[in-house]
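Subject: Structure handover

Hello,

Here is the structure we spoke about. Please look through it, and read the notes below alongside it.

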Amino acid sequence: MPVLTFFSAVFVITFEQLVQWRYGPVGITGLLLLTIGVKTKSPTCSSIGAVLLALMIAGPAL
């Protein structure tokens, strides 16, 4: 079980660093809002985070 926890933590940290490198502070804020909303079961917070991430990803296409 500790090995699974370790790999999960490494994956999450790597993913956060990738988002921050690619999309900057706004992307990490969106990811943070999405994560907090899912953990606290707040649909408003998770929706704001998801929309912010979607706008960051689709921004160059718009």
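A residue is called buried when its relative accessible area is under 20%, exposed when it is over 50%, and partly exposed in between. Those words are used in that sense throughout. Please keep in mind that this is a predicted model.

Overall picture

The protein has 2 helices and 0 strands. Its C-alpha trace spans about 45 × 25 × 15 Å along the principal axes. Of the 62 residues, 16% are buried. The exposed surface comes to about 4900 Å², and carbon and sulfur atoms supply 76% of that area. Among contacts with a separation of 6 or more, 17% are between residues 24 or more positions apart.

Helix 2

Helix 2 covers residues 43–58. It has 16 residues and reaches 22 Å from its first C-alpha to its last, close to the 22 Å expected at 1.5 Å a residue. Cys-45, Ser-46, Gly-49 and Leu-53 are buried in this helix. Viewed down the helix axis, the buried residues fall within an arc of 95°, so they line one face of helix 2. What they pack against is helix 1. On the other side of helix 2, Pro-43 and Thr-44 are exposed.

Ser-46 has a relative accessibility of 16%, which is why it counts as buried, the cut-off being under 20%. A polar atom of the Ser-46 side chain lies 3.2 Å from the backbone oxygen of Pro-43. Neighbours within four places in sequence aside, Ser-46 is in contact with Leu-33, Leu-34, Gly-37 and Val-38.

Leu-52 is also found in helix 2. At 25% relative accessibility, Leu-52 counts as partly exposed. With neighbours within four places in sequence left aside, Leu-52 is in contact with Val-26, Thr-29 and Gly-30. The C-alpha atoms of Leu-52 and Leu-34 are separated by 9.1 Å, and these two residues are 18 apart along the chain.

The loop

Lys-41 sits in the loop between helix 1 and helix 2. Is Lys-41 buried or exposed? Lys-41 is exposed, because its relative accessible area is 72%. Its backbone deserves a look too: Lys-41 has a positive phi of about 60° although it is not a glycine. For comparison, most residues other than glycine have a negative phi.

Aromatic pairs

How many aromatic pairs does a search of the whole structure find? The search finds 2. One of them is formed by Phe-11 and Phe-15, which are stacked at 6.4 Å centre to centre with 15° between the planes. Both residues belong to helix 1, which covers residues 2–39; because Phe-11 and Phe-15 are 4 residues apart there, about one helical turn separates them. Phe-11 counts as exposed, at 57% relative accessibility, whereas Phe-15 counts as partly exposed, at 38%.

To sum up, the buried residues of helix 2 pack against helix 1, Lys-41 lies in the loop between the two helices, and Phe-11 and Phe-15 form a stacked aromatic pair.

Regards

Definitions and conventions. Residues are numbered from 1 along each chain as its sequence is written. This is a predicted model: local features need pLDDT of at least 70, side-chain atom pairs count only at pLDDT 80 or more; totals for chains, interfaces and linings use all residues. Side-chain values use heavy atoms; hydrogens and water are left out. Buried means under 20% relative accessible area, exposed over 50%, partly exposed in between (1.4 Å probe, protein chains only). Contact means heavy atoms within 4.5 Å. Accessible areas come from the Shrake-Rupley method with a 1.4 Å probe; for residues, only the protein chains shown count as cover. A polar contact is a pair of N or O atoms within 3.5 Å; within protein, one must be able to donate a hydrogen and the other to accept it, and residues adjacent in sequence count only if both atoms are side-chain atoms. Rings of Phe, Tyr and Trp (its six-membered ring) pair if their centres lie within 6.5 Å; planes under 30 degrees apart count as stacked, over 60 as edge-to-face and the rest as tilted. The expected span of a helix is 1.5 Å times one less than its number of residues. The arc is that of the directions from the helix axis to the C-beta atoms.
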